Amino acid sequence: MKLHIFSDPKNIGQASGSLAAEHIKQAIQSKGQANIILATGTSQFETLNQLIQEKDIDWSKVVLFHLDEYIGLSISHPASFRKYLTERFIQLVSDLQAVNLINGEKDAQAECQRLNEIILQHPIDVALVGIGENGHLAFNDPPANFETKDPYIVVQLDEACRKQQMGEGWFPSLEDVPQQAISMSIQHIMASKKIICSVPDFRKAEAVKNCLENEVSPWFPASILQKHTDCSMYLDQHSAELLSSDYRKQAFNA
């Protein structure tokens, strides 16, 4: 893992978005197409802002997937991740080759099957991800399923995850946060050729420490990233605050 610590979320976004663009262009150059995964949430604001500003990406050769979506939530709801990606990315770049968004309003198992058939034909070149306050990766809350090979699965959202969504302002109350979601599985995220993980904010500091300094465990879902062969993690001073001094010394500081 390549660890980078920056001063603030904007600098994280500039670095991670530029790195994503570099790998997208490399994939297009080498095989004529790039398959990407985009995450959502507040941690991805600056990364996506940078990515849409990057020059010389032929978006007509890019196939988009996304990490997760609530079950039973309308695309018009402010917390819809389909709405988020449509407004913050899809409408702001030229036409993509294909957009594969998760529809949580349909039968969840049938939607997983539909997406699984598509994504298995599109090995992922670049995955943009974050880490939740409870250490989740996508919506794989602890203890995460490290075993399933299915690309998309139905998951239960734990209370810590649901409180985070409410705390970030996506829902007015905990009762309004759905209890289930469709999520990309841990194994399929790990199958991505390049993973870029952006994690700003002190709210994530404990999760970052747990996932980086503990042994890999389903109780710290994002700890699995320690095993990826090409993962770049971007933290700010706040999310890195609880890391040990020895660990911080290994990081590139900017």
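A138 is found in the loop between β6 and β7. A138 has a positive phi of about 55°, although it is not a glycine. A138 is buried, at a relative accessible area of 8%; buried means under 20%, exposed over 50%, partly exposed in between (1.4 Å probe, protein chains only). This is a predicted model: local features need pLDDT of at least 70, side-chain atom pairs count only at pLDDT 80 or more, and totals for chains, interfaces and linings use all residues. Residues are numbered from 1 along each chain as its sequence is written, and side-chain values use heavy atoms, without hydrogens and water.

**Other loop features**
- P143 also lies in the loop between β6 and β7 (152-156). A cis peptide bond joins P142 and P143, with omega about -10°.
- D56 sits in the loop between α2 and β3 (62-66). Its phi is positive, about 65°, yet D56 is not a glycine. D56 is exposed, with a relative accessible area of 72%.

**Helix α5**
- Helices (H or I, at least four residues) and strands (E, at least two) are DSSP runs, numbered from the N terminus.
- In α5 (residues 159-167), C161, R162, Q164 and Q165 are buried. They cover an arc of only 155° around the axis, so they lie on the same side of α5. The arc is that of the directions from the helix axis to the C-beta atoms.
- The buried residues of α5 pack against β4 (68-70), where contact means heavy atoms within 4.5 Å.
- G169 follows α5 and has a positive phi, near 95°.

**Helix α2**
- T47, L48, Q50 and L51 are the buried residues of α2 (residues 45-53). Their arc of only 160° around the axis puts them on the same side of α2.
- Packing partners of these buried residues include α1 (9-31) and β9 (194-199).
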